[in-house]
Amino acid sequence: MPASVTIAAGQTSATFTVTTQPVTSSFFVVITATLGADSRFAFLSVAPAPPPKADTVTIQRAEYNAGKRTLTVEASSTNTSATLRVFKTSTDVQIGTLINQGGGRYCATISNVAVNPGNIFVKSSLGGFASRNVSLK
């Protein structure tokens, strides 16, 4: 924020830029306007950004190929910056991470999956979650 802003004669306002930085706690900033010996004060409240909302995850495909020992998973997220991880439901063990294809679409073919996991869940780094039974190819 500039140290001072001059308002031209006959005008009632001026525009100026305030550069912000992320904060971890709330506080107030005092803005002072002075004309001659007269001053007026305003308080500007500064607060941290709210936490991101959980995204919605949907699994379109979960398919196990016994011959190749691969698990193919296709899923989507309502947030395109999420990281999606695949877990075996019965053990809560991570099987793999889906690759972001853009536009909220994610997929991966995970190798060396010894047996059909039966049921998987996909968990997003932003809190979204979905589960699905794995079909055989």
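In β9, R85 has K123 as its bridge partner. The model is a predicted one, in which local features need pLDDT of at least 70 and side-chain atom pairs count only at pLDDT 80 or more, while totals for chains, interfaces and linings use all residues. Residues are numbered from 1 along each chain as its sequence is written, and side-chain values use heavy atoms, with hydrogens and water left out.

**Sheet**

Strands β5 (residues 84–88) and β9 (residues 119–124) run antiparallel and are joined by five bridges. Two strands are taken as paired if DSSP finds at least two bridges between them. The order β6-β5-β9-β10 describes an open sheet of four strands with antiparallel pairing. Because β6 (93–97) and β10 (129–133) each have a single partner strand, they stand at the edges, and one side of each is left without a neighbour in the sheet. From one strand to the next the twist averages 30°; axes are lines fitted to C-alpha atoms, and angles run from 0 to 180 degrees between N-to-C directions.

**Chain as a whole**

The protein chain has 11 strands and zero helices, where strands (E, at least two residues) and helices (H or I, at least four) are DSSP runs numbered from the N terminus. The radius of gyration is 26 Å, well over the 14 Å that the globule rule gives for 137 residues, so the protein chain is more spread out than a compact globule. That radius is taken over C-alpha atoms, and the rule is 2.2 Å times the number of residues to the power 0.38.

| Property of the protein chain | Value |
|---|---|
| Span of the C-alpha trace along its principal axes | about 85 × 25 × 20 Å |
| Accessible surface (Shrake-Rupley, 1.4 Å probe) | about 9,400 Å² |
| Share of that surface on carbon and sulfur atoms | 54% |
| Buried residues (under 20% relative accessible area, 1.4 Å probe), of 137 | 24% |

Of the contacts (heavy atoms within 4.5 Å) with a separation of 6 or more, 49% are between residues 24 or more positions apart.

**Nonpolar core**

A nonpolar core is a set of buried Ala, Val, Leu, Ile, Met, Phe, Trp, Tyr and Cys residues joined through side-chain atoms within 4.5 Å. The largest one has 19 residues, and L71, V73, L84, V86, L98 and V122 touch the most other members. At least two residues of this core come from each of β3 (57–65), β4 (70–77), β5, β8 (105–110) and β9. β3 supplies the largest share, four residues. Neighbours within four places in sequence aside, L98 contacts V73, A75, L84, V86, Y106, C107, A108 and V122.

Terms used
Buried < 20%, exposed > 50% of the residue type's maximum accessible area, 1.4 Å probe, protein only.
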